[in-house]
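Me: I'm new to looking at protein models. Could you walk me through how to read one, feature by feature?

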Amino acid sequence: MSDLKTIAEEANERLADASAVEVLAWARETFGDELVVTASMADGALPHLAAEAAPGVDVLFIDTGYHFAETIGTRDAVAATLPIHLINATPQQTVAEQDAEYGEKLHDRDPNKCCALRKVEPLNRYLSGYKAWVTGIRREEAPTRANTPVVEYDAKRDMVKLNPIAPWTQEDLDAYIQDNGVLVNLLQYDGYPSIGCEPCTQRVAPGEDPRSGRWAGTGKVECGLHT
Ligand code: SF4
């Protein structure tokens with residue numbers, strides 16, 4: 001059994017009811033500089049928590065080349081205002097290079113391939129230097145996320161995966177943002193409660209499933225980062 005698997009299982013039992021900051025502080029103490037936080041920049045809540053628990057921590061943003069300008073603006077504002085070390089993870093190919101090899105708008109014809117090239121490959125490549133990574137997954141976001149543990153063993157990458165805000169409801173997240181003056185992606189106020197790449201994200205009506213605007217009409221519900 002991998003040492004990291006044992007560490008993850010023991011920590012998940014011990015930290016099941018711990019606060020998000022306590023989980024992140026444990027991760028920093030345990031993994032030091034081999035800890036990295038991933039952030040989609042739908043808001044700055046996870047980087048804000050990480051900055052409190054682990055100042056100077058590496059924060060990874062996967063820059064697919066297809067993000068909304070508002071998301072890039074949120075990334076830059078978060079990096080400029082929090083004591084974190086932002087790492088901008090880029091795919092092997094630019095969008096133009098990908099278009100030349102696979103044809104334009106691969107996201108419309110084969111979104112799984114596009115996500116594999118522009119999200120999953122860079123994530124795996126950049127994570128390879130770390131022992132533990134942090135996500136902002138919350139259980140209530142989607143049925144595929146309902147059983148997310150706070151600490152788990154990521155067997156595919158032989159890493160510890162931390163999901164410190166897994167138990168948070170939308171109300172918990174909103175309260176944290178409000179109470180701490182956390183930066184929020186402006187698209188959230190414009191009908192985009194879940195924000196991905198621009199070609200694959202649509203507005204949703206008030207009261208609709210927040211993730212229903214992601215890859216709408218394709219049957220795809222996850223980009224592959226967490227599956
Ligand atoms: Fe490509 Fe869409 Fe996936 Fe972004 S979300 S990597 S544009 S398929």
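Me: In what sense do β2 and β3 pair, and over how many bridges?

Reply: Keep in mind that this is a predicted model. Here β2 and β3 run in the parallel sense, paired over five bridges.

Me: What is the order of the strands in the open sheet?

Reply: Go across the sheet and it reads β3-β2-β1-β4-β6-β5, six strands with mixed pairing. From one strand to the next, the twist averages 30 degrees.

Me: Why is one side of β3 and of β5 left without a neighbour in the sheet?

Reply: Those two stand at the edges and each has a single partner strand, so one side of each has no neighbour in the sheet. While you're looking at β5, find α1 too: this helix lies across β5 and β6, and it runs at about 160 degrees to β5.

Me: Okay, helices next. How are two packed helices described?

Reply: You give the angle between their axes and the distance between the axes.

Me: Is α3 mostly covered or mostly open?

Reply: Mostly covered, with eight of its nine residues buried. Among the buried ones are Leu46, Pro47 and Ala50. If you look for what covers the buried residues of α3, you'll find α2, β1, β2, α4, β4 and α8 included.

Me: How many residues does the largest nonpolar core have, and which have the most contacts inside it?

Reply: It has 40 residues, and Val151 and Leu162 have the most contacts inside it. The elements giving two or more residues to this core include α1, α2, α3 and α8 on the helix side, and β1, β2, β4 and β6 among the strands.

Me: What does Val151 touch?

Reply: Leaving out residues up to four places away in sequence, Val151 touches Ala8, Ala11, Asn12, Leu15, Trp26, Val160, Lys161 and Leu162. There's also a second, separate core of 10 residues, which includes Ala89, Leu123, Tyr130 and Trp133.

Conventions: Residues numbered from 1 in each chain as written. Predicted model: local features only at pLDDT ≥ 70, side-chain atom pairs only at ≥ 80, totals over all residues. Heavy atoms only, no water. Core = buried A, V, L, I, M, F, W, Y, C linked by side-chain atoms within 4.5 Å. Buried < 20%, exposed > 50% of the residue type's maximum accessible area, 1.4 Å probe, protein only. Helix = DSSP H or I, 4+ residues; strand = E, 2+ residues; numbered from the N terminus. Contact = heavy atoms within 4.5 Å. Pairing = 2+ DSSP bridges. Axes fitted to C-alpha atoms, helices over the stretch in contact; angles between N-to-C directions.
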